[in-house]
Amino acid sequence: MGEISPFVLFLGSIFTGNMVLSYFLGMCSFISVSKEIKTANGLGMAVIFVMTVTTAINHVVYHNLLVPFGLEYLTYIVFIIVIAAFVQVLEMIIDRFSPTLYMNLGIFLPLITVNCAILGIALFMVVRNYGLIQSIFFGLGSGVGWWLAIVALAAIRMRIREQDIPVPLRGAGITLIIIGIMALAFIGFSGVFKLQ
Amino acid sequence: MNEKAGNVFRRTIFFENPVIIQILGICSTLAVTNKLLNTLIMCIGLTLTTALSSLSVSLMRKAIPRKVRMIVEVFVIAFYVIIFDLFLKAYLPEISVALGPYVGLIITNCIVMGRTEAYALANSPTISFLDGLGSGLGYSLILLIVATIREILGFGSLFGFRIFGENFVNWTIMVMPASAFFVLAVILWIFKAMMIKKR
């Protein structure tokens, strides 16, 4: 599987293998934080950044630390620690150097630690056996795909806010249906790029 | 503070069902709902993890400093998930391959974390265990309904056995990810309509 070029991997993970729409990763925050475009955008940006960097770190840790010592069974816990530690450090740095950015992005950072998408990408990377450069582009592409999906969903949700939706379907119900239709639209891209 | 066991179950499975009321934790399991067997295994894993993590966190609740409680909870949860993962690899290797990375994603499932954080930290071990068990079962109930619908219509089978004749045309959309959203939305719709009527 080593021969997929990073560029194809980048585009493929945005369109054909979108994190939320075809792998259901990061659903919790995808539904709960998509009421406003502004907040959705902030969270999306944070996800892109954290996902790219942690995927790279996790790749290095996995192949240089876990595999040589035969500690693969600790993968989950090590990945979680790496992600949590990185987010914590990032939060401190942003808080120290850019209070404005912290105001906009800060509240999303703790949310990201438990975002399934971040851990999911790291695990997919291990299962699919990507190299370091591939992993970085895979992380970046998946992050961009997630951002694209959440911003689009937030835009649609803001538009239908005034509509007369059946009462039991309001909130989560209609959101799930919108996501379903978005997933159908993304099926149109299938076959354009080959991911696995 | 301590509520009755039957009450806990009624609350967690029906009135505060984690999927229907809180839309929590559907990430890790919705992905495997196109086959009933896979979903069942995932749900068992999730229910056990939630129940046992709640029990452990509740046992340690007086010893955990407030500041590091999150990381302690994650460690406890990861501990049980790793055991479950190793168990699957050893005894059910085929299913382990089919589930792939999704078993590990139980760690970041919001339900497990949510129950330990919101309930187990403040309640006695037995009742926390039941609360975790109930939440897991309530979650499994919905996901198993989704999986049943998707497998019957998408493959014409149940647990891998064909239940329709040769003439049955598979609904291809039911195999695709999009259908999981639609099916879950309809189930949500039905449950919420029933709840509103009851009130």
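Student: How many residue pairs are in polar contact across the interface of chain B and chain A?
Tutor: The rule finds two such pairs, both at pLDDT 80 or more, where a polar contact is a pair of N or O atoms within 3.5 Å, one able to donate a hydrogen and the other to accept it, and residues adjacent in sequence count only if both atoms are side-chain atoms. This is a predicted model, in which local features need pLDDT of at least 70 and side-chain atom pairs count only at pLDDT 80 or more, while totals for chains, interfaces and linings use all residues. Side-chain values use heavy atoms, with hydrogens and water left out.

Student: And how many salt bridges across the interface of chain B and chain A?
Tutor: Zero by the rule, which asks for a side-chain nitrogen of Lys or Arg within 4 Å of a carboxyl oxygen of Asp or Glu.

Student: What area is buried between chain B and chain A?
Tutor: About 3200 Å² is buried between them, and carbon and sulfur atoms give 87% of that; buried area is the accessible area (1.4 Å probe) that two parts lose on being put together, summed over both.

Student: Which residues does the contact take?
Tutor: It takes 37 residues from chain B and 39 residues from chain A, with contact meaning heavy atoms within 4.5 Å.

Student: Switching to the fold, how many helices and strands has chain B?
Tutor: Chain B has nine helices and two strands, which are DSSP runs numbered from the N terminus (helices H or I, at least four residues; strands E, at least two). Along the sequence, the pattern of chain B reads α-α-α-α-α-α-α-β-β-α-α.

Methods: Residues are numbered from 1 along each chain as its sequence is written. Chains are lettered from A and ligands numbered from 1 in the order in which they are written.
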